[in-house]
Amino acid sequence: FVAPPDGKFAKILVPTVDTVRSSWLLRTFMEVERPVLFVGDSGTAKTVTIQTYIGGLNPEFFQQVTMNFSSRTSSMDLQRNIESSTEKRTKDTYGPPMGKKLITFIDDFNMPRVDTYGTQQPLALLKTFIERKGLYDRGKELNWKKMLDLLQCGAMGPPGGARNNVDPRLISLFNMFEIQFPASESLEMIYETILKSHLSKLNEEIAGAAAPLTQTILQLYAFICERLPPTPSRFHYIFNLRDLSRVYEGLLLSTIDKFQSGPEFVRLWRNECLRIFHDRLICEEDKVLVRKHISDLVTEKFSAMADAVNQDPILFGDYRNAMKEGEAQLYEDLADYDSVKVVFEEVLEEYNMKKKNMNLVFFEDALEHLTRIHRIIRLDQGNALLVG
Ligand SMILES: Nc1ncnc2c1ncn2[C@@H]1O[C@H](COP(=O)(O)OP(=O)(O)OP(=O)(O)O)[C@@H](O)[C@H]1O
Ligand SMILES: [Mg+2]
């Protein structure tokens, strides 16, 4: 495993038995130009596997279109996307530029709305497109446009929730593979590998932590899945690989300048676990449960440093130098409320000089919330929904 050169977390794919198998199947079927469809629960790496495959193709011979279907996608959207990547080759044949193949990746295949007649319109069009290798021009003339050199692949979750049953006649055109949730050894391997390759850049003292930290978080994850299942009033208690990945994304923000010793790093680990798992919980009882379990795990596995790691408050951010231009902004332990407050007060003062006066009182909860939000929105593809 080698980390992607641009360091983008979203592009990391650690080869495991499952991903090697599904990539091989995908490649083999694409080589003989047969459509492939991956089906599996959320977080089974369908999207990453296909994107990695497509991203690795030689752009001289392949052109790609990726579409994320949603309930609002219309057949016209599909047609426009295909047409914008194809050009006229002869009088009535169309295709990607000569010598290239067009590979269409459709994610969330079964999301489109089912209309009054029981049809999912974009999928009905897709069926024509694959079966008859072409489309009708939707202009005045309604000519048949024959299309050449096209490949299709797709991914979807099993029907249920917002996902619909798909016309079996369309599915029959695809080679369908079920993608399983990775076994716990694979999970361990994925995350240990990601962390190890990052920790090799830090001190030796920290480098050994990859394995125990990964085992600990998997225990925590299993505990949370078992004790806090989604219920009607807590329907958002859905924890999957994405959340584990987010914890690691946070761990990968550490730098050698700010993290020198074991306790510092384990403390970061505790912060990331709290941010990802604990912040989503909606009542004090659940929060206490998770907080206590994390502290217990730390005490059990890292007893020598437990006191330093379990100390509250726990605030991590990269805004200590927010007001000092030209200084590096590195993710670090911000110690206590006082040191955070000073920074926010400076920022507010500056803001008030430029814009309409805003009168904020930075009480402790406010400081914690600001730190959390800031942590999320500075990440790539970071997004948050605040509920209260
Ligand atoms: N082998 C792996 N190596 C690295 N990361 C992985 C691996 N398998 C899964 N992940 C992580 O799991 C997360 C979910 O993967 P992905 O988005 O591909 O799921 P999906 O199957 O497309 O789910 P959905 O049905 O919700 O779209 C990603 O954040 C990805 O980083
Ligand atoms: Mg996906």
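Of the contacts between residues at least 6 apart in sequence, 69% join residues at least 24 apart. The model is predicted, and its protein has 14 helices and eleven strands. The protein is divided into three parts: domain 1 (17-178), domain 2 (184-309) and domain 3 (316-377). Ligand 1 lies between domain 1 and domain 2, because both give residues to the shell around it.

**Overall dimensions and surface**

- The C-alpha trace of the protein spans about 75 × 55 × 45 Å along its principal axes.
- The protein has 388 residues, and buried residues make up 43% of them.

**Domain arrangement**

- Domain 1 and domain 2 have C-alpha centres that lie 37 Å apart.
- Domain 1 covers residues 17-178 and domain 2 covers residues 184-309; since each of them gives residues to the shell, ligand 1 is placed between the two.
- Domain 3 is assigned to residues 316-377.

**The shell around ligand 1**

- Ligand 1 is surrounded by 16 residues, of which Val14, Ser42, Lys46, Thr47 and Val48 are the closest.
- In terms of residue class, seven members of the shell are nonpolar, six are polar and three are charged.
- Helix α2 (46-55) supplies at least two residues of this shell, and so does helix α9 (241-251).

- The side chain of lysine 46 has an N or O atom 2.8 Å from an oxygen atom of ligand 1.

**Serine 22**

- Serine 22 is located in helix α1, which comprises residues 17-31.
- The relative accessibility of serine 22 is 5%, and the residue therefore counts as buried, the cut-off for that class being under 20%.
- Leaving aside residues up to four places away in sequence, serine 22 touches Phe38, Thr49 and Ile179.

Technical notes: Residues numbered from 1 in each chain as written. Chains lettered and ligands numbered in written order. Predicted model: local features only at pLDDT ≥ 70, side-chain atom pairs only at ≥ 80, totals over all residues. Heavy atoms only, no water. Near = heavy atom within 4 Å. Polar contact = N/O pair within 3.5 Å; in protein donor to acceptor, adjacent residues only side chain to side chain. Helix = DSSP H or I, 4+ residues; strand = E, 2+ residues; numbered from the N terminus. Nonpolar A, V, L, I, M, F, W, Y, C, P; charged D, E, K, R; others polar. Domains from an automatic or database assignment. Buried < 20%, exposed > 50% of the residue type's maximum accessible area, 1.4 Å probe, protein only. Contact = heavy atoms within 4.5 Å.
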